[in-house]
Amino acid sequence: MSATQAAIAQLLPLAGDTFDKNKVTPGILGFIVFAALALGVWFLMKSMSRHMGRVDFEETPEPASANPEATRAP
């Protein structure tokens, strides 16, 4: 059993007395997790935008001999 699991196992019975079963909210932990995910997505989007700006792509035209149907007369 890890230290985190042991701490949760010891603190969970204490929360049972103060826990209102009719009102369940995500609380501060839910906000922190949501904010961390939003911040991570923001950094990923910023990084992707920077990397896409560095891409220098020019499509080369197809050679005429590579497509035999284009040279055939109807």
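Modeller: Let's begin with patches: they are built from residues with over 30% relative accessible area and no salt bridge, and nonpolar side chains are joined within 5 Å. Keep in mind that this is a predicted model.

Biologist: Which residues make the nonpolar surface patch here?

Modeller: Ile28, Leu29, Phe31, Ile32, Val33 and Leu37 make it, and the patch covers about 660 Å².

Biologist: Why does Leu29 count as exposed?

Modeller: Exposed means over 50% relative accessible area. Leu29 has 60%, so it counts as exposed. You'll find Leu29 in helix α2, which spans residues 27-54.

Biologist: And what makes Trp42 partly exposed?

Modeller: That label lies between the buried limit of 20% and the exposed limit of 50%. Trp42 comes out at 47%, so partly exposed is the label.

Biologist: How many aromatic pairs does a search of the whole structure find?

Modeller: One. Trp42 and Phe43 have ring centres 5.0 Å apart and planes at 65°.

Biologist: Why is the pair of Trp42 and Phe43 called edge-to-face?

Modeller: Centres must lie within 6.5 Å to pair, and planes over 60 degrees apart count as edge-to-face. With 5.0 Å and 65°, the pair of Trp42 and Phe43 is therefore edge-to-face.

Biologist: What is the pattern along the protein chain?

Modeller: It reads α-α-α, with three helices and zero strands.

Biologist: Which elements have the lowest and the highest mean pLDDT?

Modeller: Helix α3, residues 68-71, has the lowest at 57, while α2 has the highest at 95. For the protein chain, the mean pLDDT is 79.

Conventions: Residues numbered from 1 in each chain as written. Predicted model: local features only at pLDDT ≥ 70, side-chain atom pairs only at ≥ 80, totals over all residues. Heavy atoms only, no water. Patch = residues over 30% accessible without salt bridge, like charges linked within 9 Å, V, L, I, M, F, W, Y side chains within 5 Å. Areas by Shrake-Rupley, 256 points an atom, 1.4 Å probe, with all protein chains shown as cover. Salt bridge = Lys/Arg side-chain N within 4 Å of Asp/Glu carboxyl O. Helix = DSSP H or I, 4+ residues; strand = E, 2+ residues; numbered from the N terminus. Buried < 20%, exposed > 50% of the residue type's maximum accessible area, 1.4 Å probe, protein only. Phe/Tyr/Trp six-rings, centres within 6.5 Å; stacked < 30°, edge-to-face > 60°. pLDDT = per-residue confidence, 0-100.
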